[in-house]
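The following note sets out numbered points for a colleague who is examining this structure. Please read each point alongside the sequence and the coordinates.

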Amino acid sequence: MRSTAIALGAALTGAALFSFLGVPAGALVGSTIFVTIASAFRLNPSVPSFLRDLGFTTIGVTLGAGISPTFLSDLARFPLSLAALTLTILAVMIVSSFVLRRMFGAGHATSVLATSPGALSYALSLATGSGGGAASVDTKMVMVLQSLRLLLITICLPPVIALVDGAADHHAAAGAAMPHALGLPVSVALIAASALLGTLASKLRLPAAHLLAGVLLSGLGHGAGLMEGRPAFALTFIGFSLAGAVIGSRFAKITLAEIRSLGLSGLVATGIALALSGAISFVMAYVLALPFGQVWVSYAPGGVEGMSAMALSLGYDPAYVATHHIYRLLLIIAIVPFFLRPAKAEAKDEGDGA
């Protein structure tokens, strides 16, 4: 009970502070940092499994809210840009995971999950959940690298874009763009139904069951035009705070030596991801005659929530950015299991030879 209280107290405090400061994805980033600090001080914060599942379910519902009735037509508007985004995702995963294996000795499954661009919640669900062969994954490395990537991109990308693209001038234009929210009863019902579906799916040992259940039910409802908007702010805030608490509490058993080692690999992997996404964005911005910053925010391997909030704060076309990030999320969900197959095959071969 004490460890749970510490985790929730630190998470909600950090989430509130970072949200108040206007940090993109403030609830997620703030809660992660504060619970990580609690872990560093050996206060042993922990999050019960039912709260962890509730947090991932809420994130899934929020992500699914980005799927509108015009989603398919939006995809059709940007075929060349989405093709380049697909190339970016594949390049980031292939190059980054190769570097992690060769330079830092990461296993195949660990390197894939640690470098999945912009899929922190999904990667953590696969790494820590019951499905997906989590036993063969270095969960600490996945958490540190994914969390570090999110933090670095969220903190560093806006000023860099403002410097090279003058995007800071658009800040004032974003003030009126407030996302629509579902009513509290509808939000509670949607999250509850998704949690129930996620529980049933988890019994079938499906990976990231609660997150994907939220994406599925919310995406179907929004895509069919039955509802519009994200869950009520209070619920989204709590959900992302819980997710951050899960992330931060995983650092409780990481030693200082591990942090030094994993920190270096995280910086390298994040640098590769930013360099590749920036280079391809620069070319596509020229080809499509779009602002470089808008394309880079759309291609950058940050969290969907963080990148969407960043785009709004910089005044970029929300339809373009949201379409690319929802597409990226769905593509990653689809392709990560295929990237993990070699690891499963190796594990099977080892088992057969034993």
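1. Burial of the chain. A residue is called buried when its relative accessible area is under 20%, exposed when it is over 50%, and partly exposed in between, using a 1.4 Å probe and protein chains only. By this criterion, buried residues make up 52% of the 354 residues in the chain.

2. Basis of the values. This is a predicted model, in which local features need pLDDT of at least 70 and side-chain atom pairs count only at pLDDT 80 or more, while totals for chains, interfaces and linings use all residues. Residues are numbered from 1 along each chain as its sequence is written, and side-chain values use heavy atoms, with hydrogens and water left out.

3. Overall composition. The secondary structure comes to 15 helices and 0 strands; these are DSSP runs numbered from the N terminus, with helices (H or I) of at least four residues and strands (E) of at least two. The chain exposes about 15400 Å², of which carbon and sulfur atoms supply 71%; the area is computed by the Shrake-Rupley method with a 1.4 Å probe. Contact means heavy atoms within 4.5 Å. Among contacts between residues at least 6 apart in sequence, 78% join residues at least 24 apart.

4. Helices α1 and α2. The axes of α1 (residues 2-20) and α2 (residues 26-40) come within 7 Å and cross at roughly 135°. Axes are lines fitted to C-alpha atoms, for helices over the stretch in contact, and angles run from 0 to 180 degrees between N-to-C directions. The two helices are therefore oblique to each other, since angles under 35 degrees count as roughly parallel, over 145 as roughly antiparallel, 65 to 115 as roughly perpendicular and the rest as oblique. The crossing of α1 and α2 is right-handed, meaning that the near helix is turned clockwise from the far one by less than a right angle. Residues making the contact include I6, A10 and F18 of α1 and V29, I33 and F34 of α2. By class, this contact has 13 nonpolar, 6 polar and no charged residues; Ala, Val, Leu, Ile, Met, Phe, Trp, Tyr, Cys and Pro count as nonpolar, Asp, Glu, Lys and Arg as charged, and the others, Gly among them, as polar.

5. Helices α1 and α11. Helix α1 also meets α11 (residues 233-249), with axes that come within 9 Å and cross at roughly 120°. That angle makes α1 oblique to α11, and the crossing is right-handed. The contact is formed by A7, L8, A11, L12, A15, A16 and S19 of α1 together with F237, S241, L242 and A245 of α11. It comprises 9 nonpolar, 2 polar and no charged residues.

6. The loop between α2 and α3. Most residues other than glycine have a negative phi. R42, in the loop between α2 and α3, has a positive phi near 55° and is partly exposed at 42% relative accessibility. N44 is found in the loop between α2 and α3; its phi is also positive, at about 55°, and N44 is partly exposed at 47%.

7. Helix α13 and M307. In α13 (residues 292-299), 8 of 8 residues are buried, among them W296 and V297. M307 lies in helix α14 (residues 304-314) and counts as buried because its relative accessibility is 0%. Which residues does M307 touch, not counting those up to four places away in sequence? They are I153, L157, V297, A300, G302, V321, H325 and R328. M307 and T154 are 153 residues apart in sequence, yet 7.7 Å apart in space, C-alpha to C-alpha.
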